[in-house]
Amino acid sequence: MASKEIPSDKLEEALKHLNSRQRMELDTCAHCALCAETCPAYFESKNLLHIPGVRSSKVSKLINQSLSRLRIFRGRLAEKNLEELAESAYNCTLCGRCMEACPFGFQTHELWVGVRGVLQDLEKTPSKVRMLSEMLDEFKNPYGLEAETRLDWVDYTGLEEAPVKDKSKIAYFVGCTTAFKGANQNIAYSISRVLDYLKEDWTLLGGEEWCCGSPLLLSGDEDKARDFAEHNTSIIEERGIETLVLGCAGCFRVFKWEYPKLLGRRPRFKVVHALEYINDRIREGALTPEKYPRRVAYHDPCELSRLGGVLKEPREILRKISSSYVELPEHGVDVRCCGGGGLLQAVNNDLRLNIVRHRLNQAISLKVEVLTSACPACKLAFADGVRDLDSSIEVLDITELVARQMGLA
Ligand code: SF4
Ligand code: SF4
């Protein structure tokens with residue numbers, strides 16, 4: 001059966017999601033497949049389509065089609081190539097580990113996001129990802145929950161002080177995956193308790209907080225993500241906030257590294273992850289958590305470590321608190337993803353679970369008792385993995401551990 005042809009003007013327009021550096025990267029790709037060895041998605045699926053270098057050859061093929069002067073080459077196989085490209089691009093956690101393996105140092109995270117942008121314009125975004133976008137349109141969160149329920153975690157956790165002020169020095173941006181997911185609400189409680197303990201002039205953003213826009217960026221929808229960036233930035237700046245504290249690795253990366261690009265300027269407030277904030281207070285002696293006797297390990301969230309640049313703070317905190325801290329293999333900038341990123345859960349939850357199982361087994365083989373992280377998506381992934389493996393490992397966010405050892409939570 002003949003493949004459906006993509007109109008060349010539509011293809012050219014869609015390919016504008018790839019800038020000249022990315023086109024050069026695709027052109028230069030040697031298809032050496034060194035990236036395959038490090039890719040957690042390919043490692044688990046063994047599906048050749050999931051190899052990053054195979055993905056790049058599929059995109060190159062699309063570009064060549066758009067450049068071909070011969071109509072016969074322009075349309076042929078376009079649809080099949082596109083279906084395979086969509087399968088490849090969305091069976092990826094966007095962890096960026098292939099970037100570390102690539103001998104040319106290609107910025108693969110940005111490249112794969114650009115490819116998802118191309119797919120969006122060519123109407124090849126998976127339906128479940130499109131649904132997330134519709135939820136965001138209507139509810140400003142990807143879970144389809146009313147905006148006024150964003151602060152319900154305050155009642156659920158029993159937090160006494162939940163300030164929502166017009167002016168403040170510090171704002172705590174809770175993020176959707178912490179505010180709306182019961183398993184993560186203790187993270188919000190713990191960070192709030194620490195801010196209260198330190199008598200900070202701080203506020204929540206309440207129902208006015210919108211999703212940071214991460215799911216939109218991860219599906220290549222920069223234009224819509226910009227609306228979310230503009231909204232969040234303006235409500236924070238209107239409140240005269242000097243420092244924005246975030247407990248979610250994804251929200252942190254988006255505020256710190258993506259908002260300046262989306263807005264074309266730097267927001268007028270400092271963006272810090274809760275672990276950077278807490279580590280500074282421990283160094284100053286304002287926070288003095290008690291020693292923790294159990295065997296603790298830390299999983300670097302990809303968006304905080306490799307893609308976010310925060311590596312030493314969690315380790316400094318844990319080495320202070322724990323008398324038995326153990327480093328996992330494949331950590332730091334080389335961290336093996338937990339499977340929780342890149343919207344993989346919406347597209348292929350079985351693959352996500354296989355990835356998390358692998359990571360969890362690394363901790364189990366080191367006899368880890370408490371596996372910590374610094375991201376609600378990692379916590380959810382590990383909680384699913386622990387259930388799946390019937391493991392006794394406790395999964396905690398470092399902020400929860402700090403609040404616990406301070407007697408605050
Ligand atoms: S490692 Fe780099 S050059 Fe080699 S196949 Fe992967 S993306 Fe291409
Ligand atoms: S970003 Fe991560 S999951 Fe995606 S291709 Fe690269 S290594 Fe694989």
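Start by selecting K46, which lies in the loop between α4 (40–45) and α5 (52–67) (helices, H or I with at least four residues, and strands, E with at least two, are DSSP runs numbered from the N terminus). K46 has a positive phi of about 55°, though it isn't a glycine. Keep in mind that this is a predicted model: local features need pLDDT of at least 70, and side-chain atom pairs count only at pLDDT 80 or more. Residues are numbered from 1 along each chain, and side-chain values use heavy atoms, without hydrogens and water.

Next, pick D390, in the loop between α21 (376–389) and β8 (394–397). D390 also isn't a glycine and has a positive phi of about 55°. At 71% relative accessibility, D390 counts as exposed (buried is under 20% relative accessible area, exposed over 50%, partly exposed in between, with a 1.4 Å probe and protein chains only).

Now hop to K169, in the loop between α11 (152–157) and β1 (170–173). K169 is partly exposed at 45%. Show I241 too: K169 and I241 are 72 residues apart in sequence, but their C-alphas are 4.8 Å apart.

Finish at ligand 1. Residues around ligand 1 include C29, H31, G53 and F106 (a heavy atom within 4 Å).

Conventions:
Chains are lettered from A and ligands numbered from 1 in the order in which they are written.
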